[in-house]
Amino acid sequence: MAAGVESYRLAKVGFPINGLALSGQVLVTGSSDQTVRVWDVDSGTLRQELGNQHDSAVLAVAISKDGKVIASGGVGGSLYLWDIGSQAPRISLQVEHYRAVWSLAFTPDGSRIYAGGIDSVVRGWLTESGESVIGQSTRFQPVERVSSSMAFSDDPVERGSYQFRKCAICHALKPGGPDRSGPSLSGVFGRPAGTLPGYTYSEALKNTPIIWDEETIARLFDIGPNKMFPGTKMPEQRLTNPRDRQDLVEFLKHATQKTDAD
């Protein structure tokens with residue numbers, strides 16, 4: 001095959017694909033429709049669908065080197081281990097309440113699975129039993145100190161980036177960024193809510209007169225999406241501390257500005 005030439009295209013699943021993993025001729029995908037799919041690399045055909053377990057978007061997938069075990073992690077902190085060919089997970093784990101599983105990796109021998117969370121913590125389990133690798137203390141936190149320092153920084157933009165961690169599950173900051181379950185926030189200030197082309201909004205957002213600015217974004221996180229837009233599909237997120245809300249607004253003002261390159 002010539003370099004850069006597409007050999008075939010896998011069937012579109014209709015939802016953003018957040019995770020990919022490859023072992024031999026087996027490709028695994030995880031997508032925002034809460035489903036893990038197993039594909040044949042040679043033919044591009046769908047071999048298996050694993051759904052009805054994750055209650056929200058699948059963010060990360062991994063497959064063992066021997067191609068026999070799949071791991072999938074999601075927004076709510078759910079982590080499942082599946083044997084190839086089975087329709088139900090062999091092991092179900094809850095990483096931590098509302099701690100999204102952002103990345104997954106097996107050890108080369110497949111005996112352990114490690115998960116990286118949006119809380120900057122890496123956790124590990126034995127794939128055979130689901131037991132923590134070294135008991136309750138299996139928490140490697142090389143980034144946690146950095147993240148915590150952001151929360152106490154003198155810079156409101158830096159503090160706001162810490163507040164944005166959970167938002168990053170659903171929203172990209174730049175145009176052309178990875179598709180997620182929520183719309184891109186690029187250029188959000190001054191944009192009427194529910195109007196970004198190419199994104200399917202709920203009726204609650206389509207019919208609102210609200211325009212996004214400092215006041216309306218702060219209000220969203222003050223009272224929560226469900227109260228501001230009854231019937232919205234936006235996850236419920238609130239920041240009860242006024243400074244936290246203002247920090248998030250300052251970060252978004254900085255991070256979502258469109259540039260000439262955009």
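User: In this predicted model, what makes helix α2 roughly perpendicular to helix α6?

Analyst: The axes of α2 (residues 156–163) and α6 (residues 242–255) cross at roughly 100 degrees. Angles of 65 to 115 degrees count as roughly perpendicular, so α2 is roughly perpendicular to α6. The two axes come within 7 Å.

User: How do you know that α2 and α6 are in contact, and which residues make the contact?

Analyst: Contact means heavy atoms within 4.5 Å. On the α2 side, the contact is made by Pro156, Val157, Arg159, Gly160, Ser161 and Gln163. On the α6 side, Arg243, Asp244, Asp247, Leu248, Glu250, Phe251 and His254 take part.

User: How do the residues of the contact of α2 with α6 divide?

Analyst: They divide into four nonpolar, four polar and five charged. Gly counts as polar, and Gly160 is among the residues of α2 in this contact.

User: Why is α4 called oblique to α6?

Analyst: Helix α4 (residues 214–223) packs against α6 at an angle of about 135 degrees. Roughly perpendicular ends at 115 degrees and roughly antiparallel applies over 145, with the rest counted as oblique; therefore α4 is oblique to α6. Their axes are 9 Å apart, and α4 passes α6 in a right-handed crossing.

User: Which residues of α4 and α6 meet?

Analyst: Glu214, Ile217, Ala218, Phe221 and Asp222 of α4 meet Arg245, Gln246, Leu248, Val249, Glu250, Leu252 and Lys253 of α6. This contact divides into six nonpolar residues, one polar and five charged.

User: What makes β5 and β8 edge strands?

Analyst: The open sheet has four strands in the order β5-β6-β7-β8, with antiparallel pairing. β5 (58–63) and β8 (91–94) each pair on one side only, and they are the edge strands. Neighbouring strands of the sheet are turned against each other by 15 degrees on average, with direction ignored.

User: How do you know that β7 and β8 pair?

Analyst: Pairing requires at least two bridges between the strands. β7 (residues 78–83) and β8 have four bridges, in the antiparallel sense. Within this part of the sheet, Ser78 stands opposite Gln94 of β8.

User: Which residues of β8 lie on its covered face and which on its uncovered one?

Analyst: Ile91 and Leu93 form the covered face, while Ser92 and Gln94 form the uncovered one. Side chains in a regular strand alternate between the two faces of the sheet.

Notes:
Residues numbered from 1 in each chain as written. Predicted model: local features only at pLDDT ≥ 70, side-chain atom pairs only at ≥ 80, totals over all residues. Heavy atoms only, no water. Axes fitted to C-alpha atoms, helices over the stretch in contact; angles between N-to-C directions. Helix = DSSP H or I, 4+ residues; strand = E, 2+ residues; numbered from the N terminus. Parallel < 35°, antiparallel > 145°, perpendicular 65-115°, else oblique. Left-handed = near helix turned anticlockwise from the far one by under 90°. Buried < 20%, exposed > 50% of the residue type's maximum accessible area, 1.4 Å probe, protein only.
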